[in-house]
Amino acid sequence: KEVIMHEAIDKQRQKYLSHTEAAEYLGLNPGTLYNKVSKGEIPAYRFKHCKFTRYKVSDLDNLFEPVR
């Protein structure tokens, strides 16, 4: 049971990225990512009692669109 619990926690953690990880994932400078978040161009989350910003991988994936 404990192994299954740890796997579930690992999967949940993979859904969110830190600021540095999100910037790298998008190929942006971390400062550029902060600017885009402050302009409302990229959604970011802060969990209760946590000062760190997190980014949903699915939100970041939705920023990409095919080039025609």
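Reply: Let us begin with helices, which are DSSP runs of at least four residues, numbered from the N terminus. The model shown is a predicted one. In it, His19 belongs to helix H2, which covers residues 19-26.

Me: Is His19 buried or exposed?

Reply: Buried means under 20% relative accessible area. His19 has a relative accessible area of 10%, so this residue is buried. Setting aside neighbours within four places in sequence, His19 is in contact with Pro30, Leu33, Tyr34, Thr53 and Tyr55.

Me: How many helices and strands does the protein chain have, and in what pattern do they follow one another?

Reply: The protein chain holds four helices and three strands. Along the sequence, their pattern is α-β-α-α-β-β-α.

Me: How are the strands arranged in the sheet?

Reply: The three strands form an open sheet in the order S1-S3-S2, and the pairing is antiparallel. Two bridges join S2 and S3 in the antiparallel sense. As for an individual bridge, Arg46 has Thr53 in S3 as its partner. Thr53 is also one of the contacts of His19.

Me: What is the geometry of the rings of Tyr16 and Phe47?

Reply: The ring centres of Tyr16 and Phe47 are 5.2 Å apart with the planes at 75°, so this pair is edge-to-face. Phe47 sits in the loop between S2 and strand S3 (53-56), and the pair links parts of the chain 31 residues apart. With a relative accessibility of 39%, Phe47 counts as partly exposed. Tyr16, Tyr45 and Phe47 together form one aromatic cluster.

Me: Which residues make up the largest nonpolar core?

Reply: In soluble globular proteins, nonpolar side chains tend to be buried together. In this model, the largest nonpolar core has nine residues: Leu17, Ala22, Ala23, Leu26, Leu33, Ile42, Tyr55, Val57 and Leu60. H2 and helix H4 (57-61) are the elements that give two or more residues to this core. The largest share, three residues, comes from H2.

Me: Which residues does Leu33 touch?

Reply: Not counting residues up to four places away in sequence, Leu33 touches His19, Ala22, Ala23, Leu26, Leu28, Ile42 and Tyr55.

Me: What may be said of the protein chain as a whole?

Reply: Of its 68 residues, 21% count as buried. The protein chain exposes about 5,800 Å², of which carbon and sulfur atoms supply 53%. Among contacts with a separation of 6 or more, 45% are between residues 24 or more positions apart.

Terms used: Residues are numbered from 1 along each chain as its sequence is written. This is a predicted model: local features need pLDDT of at least 70, side-chain atom pairs count only at pLDDT 80 or more; totals for chains, interfaces and linings use all residues. Side-chain values use heavy atoms; hydrogens and water are left out. Rings of Phe, Tyr and Trp (its six-membered ring) pair if their centres lie within 6.5 Å; planes under 30 degrees apart count as stacked, over 60 as edge-to-face and the rest as tilted. Buried means under 20% relative accessible area, exposed over 50%, partly exposed in between (1.4 Å probe, protein chains only). Contact means heavy atoms within 4.5 Å. Accessible areas come from the Shrake-Rupley method with a 1.4 Å probe; for residues, only the protein chains shown count as cover. A nonpolar core is a set of buried Ala, Val, Leu, Ile, Met, Phe, Trp, Tyr and Cys residues joined through side-chain atoms within 4.5 Å. Two strands pair if DSSP finds at least two bridges between them.
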